[in-house]
Amino acid sequence: MEYKIYKFNFTAGVHFGENSLEDGGFTLCADTLFSALCQERLKQGAGELEELIARTRAGRLWLTDAFPYIGNTYYLPKPMLRIETEDQQGDSVLKKAYKKLSYVPADKLKEYLAGELDVIQEYNRFRENLGHREIKTSAAVRGLEETKPYRVGIYRFLPGNGLYMIAAGEEEEDIQLLEEVLVSLELSGIGGKRNAGLGRYQLEQEHVPEELKCRFSCGQPSAGRKILPQRLGNCSDFSICEDLRKREEENALSKCPKGDTDSFLGENLRKRKESILPQCQERQAGPVFMALSVCLPREEELEEALEQANYLLLKRSGFVASETYAKEQLRKRDLYVMQAGSCFRKQFAGDVYDVSDGGSHPVYRYAKPLFLEVMS
């Protein structure tokens, strides 16, 4: 397997929408990035798009979410594992820092897993040095209607900072195909409000650090640590009690559209809600793998993948960005996926799902994980 890092050095601000137009995140999920790649590939012809889809579905090409980097430091999502240290006992400031920390320096992942990372210092460094948000006010002029102002959330990275993704290809030609599309996408940009010049970047290629490459291929165990499942709610007993987990699952299921068999995860979780994630069990021996992208097991993989998994659900939706899909703009079908940082005992392949809903052609949503071993 070939691994490469692609850095996005943005030449302007970016708009990565979250809940509203005024919101603006600074990271990009793999499915959004893959959609942009598909649209760019389609410009070269339908056959070229189908080739990209086929390679990805066949497991020849894998993507991660786009994560931040500051200077020469790459950041990874915080693993959904609880790291227990003696310093945390009774230290509310440290506990809050662990909770607020979302990204861990890749070169300090081993320290974090061992409970030796200064999380307060790392949290402050990340928050103060990555970039800043701003709100831009614009006016919408439509025909003779009265001008309507609207506000757009923009994130601007400080010089030397930006986002990066890790790509894995079965062969060098698979990576090369991806790189060609990424280069072609430079002028179009990624994210929202690209017609206003946002999201444009200069692409830079780097080698994957050896320590990370080892974790992709064989894992890198770290001795002398005690790792427990991620805390849910405010339960003081960290064995994860039955009632708390049930409430967590019911909360997630209540957000899934009932009766919608096309909401893949929501439907399958309902079928298995009495059997998934055995509760109040001692941690079993064996490796733990962290997903570096939004992901969703196929139906036949789901039950095994959820065994002792620690994950958060993320609803993915939005409108179809295609002029030939329908006469009017239509929404994609909702898809519930696991967030990057989710941890699993069993690896799975996931898929590229068709989330079209009544249009003239398929609409693809990427949900295949690239795993990093975080525990042996």
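Q: What share of the 376 residues is buried?
A: Buried residues make up 49% of the 376 in this protein. The model is a predicted one.

Q: How many helices and strands are there?
A: The protein has 10 helices and 18 strands.

Q: And the contacts, what percentage join residues at least 24 apart?
A: That figure is 74%, taken among contacts between residues at least 6 apart in sequence.

Q: How many residues are in the largest nonpolar core?
A: The largest nonpolar core has 86 residues. Phe8, Phe10, Phe34, Tyr112, Met165, Leu178 and Ile190 have the most contacts inside it.

Q: What does Tyr112 touch?
A: Leaving out residues up to four places away in sequence, Tyr112 touches Lys78, Pro79, Leu81, Ile83, Tyr98, Leu101, Val104, Leu117 and Val119.

Q: Switching to helix packing. At what angle do α3 and α5 pack?
A: About 50°, with the axes 9 Å apart. Helix α3 covers residues 92-100, and helix α5 covers residues 119-129. That angle makes α3 oblique to α5.

Q: Is the crossing left-handed or right-handed?
A: α3 passes α5 in a left-handed crossing.

Q: Which residues make that contact?
A: From α3, Val93, Leu94, Ala97, Tyr98 and Lys100. From α5, Val119, Ile120 and Tyr123. By class, the contact of α3 with α5 has seven nonpolar residues, no polar ones and one charged.

Q: What about α2 and α6, at what angle do they cross?
A: Roughly 135°, and their axes come within 11 Å. That makes α2 oblique to α6. The crossing of α2 past α6 is left-handed.

Q: Which residues meet in that pair?
A: Glu51, Leu52 and Arg55 in α2 meet Glu173, Asp174 and Leu177 in α6. By class, the contact of α2 with α6 has two nonpolar, no polar and four charged residues.

Q: Stay on Arg55. Is it buried or exposed?
A: Arg55 is buried, because its relative accessible area is 13% and the cut-off for buried is under 20%. Arg55 lies in helix α2, residues 46-57.

Q: What does Arg55 touch?
A: Not counting residues up to four places away in sequence, Arg55 touches Arg60, Leu61, Glu173, Asp174 and Leu177.

Q: And Leu52, buried or exposed?
A: Leu52, also found in α2, counts as buried at 1% relative accessibility.

Q: Which residues is Leu52 in contact with?
A: Aside from neighbours within four places in sequence, Leu52 is in contact with Phe34, Leu37, Cys38, Arg41, Leu61 and Leu177.

Q: How far apart are Leu52 and Arg41, C-alpha to C-alpha?
A: The two are 7.9 Å apart in space and 11 residues apart in sequence.

Methods
Residues numbered from 1 in each chain as written. Predicted model: local features only at pLDDT ≥ 70, side-chain atom pairs only at ≥ 80, totals over all residues. Heavy atoms only, no water. Axes fitted to C-alpha atoms, helices over the stretch in contact; angles between N-to-C directions. Helix = DSSP H or I, 4+ residues; strand = E, 2+ residues; numbered from the N terminus. Parallel < 35°, antiparallel > 145°, perpendicular 65-115°, else oblique. Left-handed = near helix turned anticlockwise from the far one by under 90°. Contact = heavy atoms within 4.5 Å. Nonpolar A, V, L, I, M, F, W, Y, C, P; charged D, E, K, R; others polar. Core = buried A, V, L, I, M, F, W, Y, C linked by side-chain atoms within 4.5 Å. Buried < 20%, exposed > 50% of the residue type's maximum accessible area, 1.4 Å probe, protein only.
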